[in-house]
Amino acid sequence: MAIKKIKKLGIANRGEVAFRIHVAAQELGIPTVLLHSEADIQSKAYRMCDETVCIGASPTNESYLNINRVIQGALSKGCDAIHPGFGFLSENAEFAQKCLDAGIQFVGPKPQAIQMMGDKISARQCAIQSGVPVVPGYDGEDQSPETLLKEAKKIGFPLIIKASNGGGGRGLKISKSEADFFDQLSSAKRESKSAFGSDKVFLEKYLDHAKHIEFQVFGDISGKVFHLYDRECSVQRRHQKIIEEAISPSLSKETRQKMADCAVKVAQEVGYISAGTVEFIYQDHEFYFMEMNTRLQVEHPVTECVTGLDLVKAQIKCAQGETLGWRQEDIKPHGHSIECRLYAEDPYQGGIPSVGLIGSCSFPEGPGRRFEVGFEKGDTITSFYDSMIAKVIVWDETREKTIDKMIKTLQSTVVFGVQTNIPYLIEILNHPEFRSGEMTTQFISKYFADALKPIELSEDEKAFAKLASQMSASSSAADPQAQNVNSPWNSYWRGI
Amino acid sequence: MKKLELNINGKKLKGFAEKVGKDFWVSVNGKTFKYEDSAAKKRNAKANVSNPNQILAPMPGKITAIKKTSGQVTVGDVVIMMEAMKMEYSLKANKDGKIKKILAKEGDQVTQGQLLVEIE
């Protein structure tokens with residue numbers, strides 16, 4: 001494939017990742033166009049990208065999820081490539097195809113690979129074909145109780161009995177042992193029949209203390225697939241990752257190598273090009289393929305920190321038809337890295353989003369600290385999108401040191417104007433199970449299901465706040481000019 | 001953001017403070033919070049005379065489940081679940097009492113501050 005330099009890159013995303021993509025493009029000498037919604041004129045990416053074009057109203061289906069508007073926006077500014085970031089249209093095969101049809105290079109894998117991995121059944125089939133373990137299960141046509149019991153014994157207990165056509169937990173039963181199997185089975189079939197009109201069920205091994213471990217892979221234009229080691233993302237709230245780290249504290253050298261080989265095999269099976277992630281469930285030293293994400297990952301910075309590679313630049317180069325010149329044996333993880341997602345939410349009220357105007361923010365720069373910021377002073381967090389303000393990423397020699405560094409970094413991170421989850425993150429980082437590295441995906445529901453206890457202030461801290469507020473009041477009273485924008489005590493609006 | 005070094009009870013404390021909108025924000029010893037002086041407390045208390053007999057939607061979003069439709073509730077009981085910004089939130093009773101009326105149903109889009117439940 002001939003090298004075809006990108007002349008102008010459209011960024012079909014928002015927040016911190018839009019700015020991240022801009023930086024990568026800038027380093028490669030490619031001008032960027034931010035394809036944004038109405039709400040996002042108050043964001044860092046809007047101010048930093050070379051050009052901007054508003055593609056629609058704030059609701060996502062009128063802008064970021066609207067394929068035609070994104071493509072029209074890109075064409076209107078003469079973009080010859082689009083980076084989809086993550087979320088939104090990044091894993092939409094139709095979008096990738098339509099970009100190509102419009103003569104726009106899609107920064108990511110081929111539409112066929114997106115399609116294949118986007119469908120749970122074909123993804124599972126693909127894993128099985130490449131000899132990669134999947135969660136043991138049975139979804140055959142023979143639904144006689146005897147066959148089901150035979151299959152159940154093969155899978156092992158405990159196991160989940162699920163309605164084949166189901167969803168949302170209805171018709172879902174857990175059988176702990178052979179003794180209660182028929183009871184649970186008939187109850188699952190009954191519920192399934194009444195809820196979904198079919199009593200067909202499937203059986204799956206129940207993993208109740210599993211970890212989420214994923215492998216970063218990268219398919220080079222030459223056809224080689226590299227793995228960039230693993231990340232552990234077991235700290236999740238309602239399937240949303242909160243804290244991620246590279247590499248996982250749980251894998252032995254042998255298991256890591258086995259999993260890496262499996263991840264590469266799955267990617268090769270679909271002729272994968274560009275950055276992708278193969279997700280596994282890991283329990284009791286066994287691992288099972290879960291799914292493949294055919295895009296850049298939110299938590300890609302931790303992999304960049306431990307490998308020293310730049311995934312976004314690699315994606316862009318790949319889209320230009322350039323080979324990366326990597327060698328697998330040169331890619332080695334070094335030290336440890338953790339990412340915390342900083343959300344505008346109230347940890348004292350169970351994580352309710354805290355929308356509104358952001359005041360000053362202070363991110364304490366230092367060696368091995370990286371801040372991926374989406375919003376700055378004067379921007380507004382709206383309720384149209386998720387409320388992530390920034391990602392805080394740190395690197396240090398060992399996991400223990402990295403955790404300590406993250407706590408220190410978060411303690412001196414200041415965001416005014418909206419509540420943040422910083423206190424919540426710090427409690428998690430200090431939790432013995434997290435420190436031990438033994439946390440599973442049950443961690444949050446086990447220990448952090450409730451809102452944090454109200455913040456406790458010492459007498460000194462209260463006195464400090466009181467004095468500061470009195471000083472502020474008297475400074476603006478004594479000096480009427482203090483109402484102007486130069487006063488540090490005033491609020492400000494900008495970007496309108 | 002103004003950096004402050006203040007003498008508190010004979011000790012030097014460093015921190016930051018800033019007024020954002022109507023609120024006064026303070027950060028000291030790694031703790032960031034909104035500070036309310038007595039006037040602000042009074043003002044906010046008035047603004048929040050949140051009636052404990054009511055449960056309001058704290059943000060715009062979609063009602064995903066009604067956990068209690070009638071009968072007794074005690075403080076902290078989850079009455080309604082809602083979804084906003086891809087996350088799910090549980091709205092709890094602020095007082096003990098009996099459910100008088102549920103003004104929303106599963107699947108409803110609600111606006112911020114919308115009355116959802118009355119308790120008596």
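Biologist: Before we start, what puts two residues in contact here?

Modeller: Two residues are in contact if their C-beta atoms, placed from the backbone, lie within 7 Å. Keep in mind that this is a predicted model.

Biologist: Okay. How many residues of chain A are in contact with chain B?

Modeller: On the chain A side, 37 residues are in contact with 37 residues of chain B.

Biologist: Which elements of chain A give two or more residues to that side?

Modeller: Strand 17 (352–353), strand 23 (414–415) and helix 16 (459–478) of chain A do.

Biologist: And which gives the most?

Modeller: Helix 16 of chain A, with 10 residues.

Biologist: How do the residues on that side divide into nonpolar, polar and charged?

Modeller: The side of chain A that touches chain B has 17 nonpolar residues, 15 polar and five charged.

Biologist: New topic. How many helices and strands does chain A have?

Modeller: Chain A has 16 helices and 23 strands.

Biologist: What box do its C-alpha atoms fill?

Modeller: For chain A, roughly 85 × 60 × 45 Å, taken along the principal axes.

Biologist: How does the radius of gyration of chain A stand against a compact globule?

Modeller: It agrees, because a compact globule of 496 residues would have a radius near 23 Å, and chain A has 25 Å.

Biologist: What share of chain A is buried?

Modeller: Of its 496 residues, 47% count as buried.

Biologist: And how far apart in sequence are the contacts?

Modeller: Take the contacts in chain A between residues at least 6 apart. Of these, 64% join residues at least 24 apart.

Biologist: How does strand 10 of chain A join it?

Modeller: Strand 10 (residues 211–219) of chain A runs antiparallel to strand 11, with six bridges between them. F215(A) stands opposite D230(A) there.

Biologist: What lies between those two strands?

Modeller: Five residues, and the strands form a hairpin. In the turn, G223(A) has a positive phi of about 105 degrees.

Biologist: What about strand 12 of chain A?

Modeller: Strand 12 (residues 240–246) of chain A is also antiparallel to strand 11, joined by four bridges. K241(A) in strand 12 is the bridge partner of Q236(A).

Biologist: How many residues sit between strand 11 and strand 12 of chain A?

Modeller: Two, again in a hairpin. R238(A) in that turn has a positive phi of about 45 degrees.

Definitions and conventions:
Residues are numbered from 1 along each chain as its sequence is written. Chains are lettered from A and ligands numbered from 1 in the order in which they are written. This is a predicted model: local features need pLDDT of at least 70, side-chain atom pairs count only at pLDDT 80 or more; totals for chains, interfaces and linings use all residues. The radius of gyration is taken over C-alpha atoms; the globule rule is 2.2 Å times the number of residues to the power 0.38. A residue is buried if 20 or more other C-beta atoms lie within 10 Å of its own, exposed if 12 or fewer, and partly exposed in between; C-beta atoms are placed from the backbone. Two strands pair if DSSP finds at least two bridges between them. Ala, Val, Leu, Ile, Met, Phe, Trp, Tyr, Cys and Pro count as nonpolar, Asp, Glu, Lys and Arg as charged, and the others, Gly among them, as polar.
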